[in-house]
Amino acid sequence: MQRRFRQVCSALKEQSHVRYAKIASAGGYSNMNTMMIKATTPDDVPLQDKYIEYLLTLFSLSPSSCHSFAITFTRRFGTTRSWRVALKCLILLHRLLRSVPENSPLSEQLLWIRSNGLISLHPCHFRDTCSSSSHSYTNFIRSYAHLLHVMLDSTDFEDQQQEQVLELLPQLQIVIDRAMDCFPVGLAAQSFMVQSAMKLIIRDSFVCYTRFRKEMAAVLDNLLQMPYRSCIAAFNIYKKASMQSNQLYEFHEWCRAKGLCGSYEYPLVDPIPHIQIKALETFLSGMWQLTEDEEEEKPLIDVEDDQVSWETLLETSVTFPHQNDMMSSFFFSSGHGHEDEQAAASAYNPFYQPNEHCGSFPRNPSYPWGL
């Protein structure tokens, strides 16, 4: 009874906001707050494109309106107890971040509001009280908000130096992790609105992973020329990728089975056998020595069998197609059920991708990682 009472109160509150917005519009009075309420009505109608277009036009004509939007978004998202309203708020923010030009102050204003404690996307304090499956919707909203929180913190580097690439790669991995956390369960997985949001999230994971493959391949090709500490940083990134790739493959397979995005959009995700991580660690520990304060470096991974040599480990998993491309050849895997031709190509380069299947949706070159 108490839960039902909260659901009714929340629904009445949201409906009163909508009625106010309609009356204000009919009377010729409209502001950012009215527009936000109309865009995020508590129903199952998807977010309409006209609101995105209106805001983008407004931001271009009046950059100061970004501050007004940030304040209005904070108020709307921070006070609602309806998962539909909260989800539309996040979708609106997500689409705007993907579409605003490079010089737009939108991200700056959102970061300013967050730093002043006016909004918290992570930890997110939203709690749904308008549905019978509030737990599943609440968890999805919080996971989605965490993803956008990470995106606001991420930085892309146009003219990448070696150190900047090694900073970018962990950021891409974090975004991929947060995207995989947006895994709807229960009734949330059946919601059309949630599935619409998932398409945005999945496509971000496509682009992040494709960018990661490209940058990581370049790092591996130049691994022998890196300073020791940069080499170790690259190894740690690749070690995480070996665990993340299997999780990402399973996530993409679940999304593909649900019919989220076209099958042609999904990038090839290759597994990275743990024996290759052992082999690379053994190789690095034999090739590099610290010349600063420390005389020895503790192995990054403990190899159980001390009698196993680098050559033995390597021969069990890799056949080199070209001797002068040894580092790229370390990371060969057969893939998850892909054709032999693709598997053979990946033996030469672990991040080889015969077709870039991420070009079916609009990309903003100024959005982080070229989304």
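**Entry 1: Leu111**

I looked up Leu111 and found it in helix H6 (residues 106-115), where helices are DSSP runs of H or I with at least four residues, strands are runs of E with at least two, and both are numbered from the N terminus. The model is a predicted one, in which local features need pLDDT of at least 70 and side-chain atom pairs count only at pLDDT 80 or more, while totals for chains, interfaces and linings use all residues. Residues are numbered from 1 along each chain as its sequence is written, and side-chain values use heavy atoms, with hydrogens and water left out.

Leu111 counts as partly exposed because its relative accessibility is 29%, given that buried means under 20% relative accessible area, exposed over 50% and partly exposed in between (1.4 Å probe, protein chains only). Leaving aside residues up to four places away in sequence, I noted that Leu111 touches Leu152 and Asp153, contact meaning heavy atoms within 4.5 Å.

**Entry 2: H3 and H4**

I then read off that helix H3 (residues 49-61) and helix H4 (residues 65-79) pack at an angle of about 140°, with axes 8 Å apart. Leu55, Leu58 and Phe59 of H3 make this contact with Ser65, Cys66 and Phe69 of H4.

**Entry 3: the chain**

Of the contacts between residues at least 6 apart in sequence, 75% join residues at least 24 apart.

Notes. Axes are lines fitted to C-alpha atoms, for helices over the stretch in contact, and angles run from 0 to 180 degrees between N-to-C directions.
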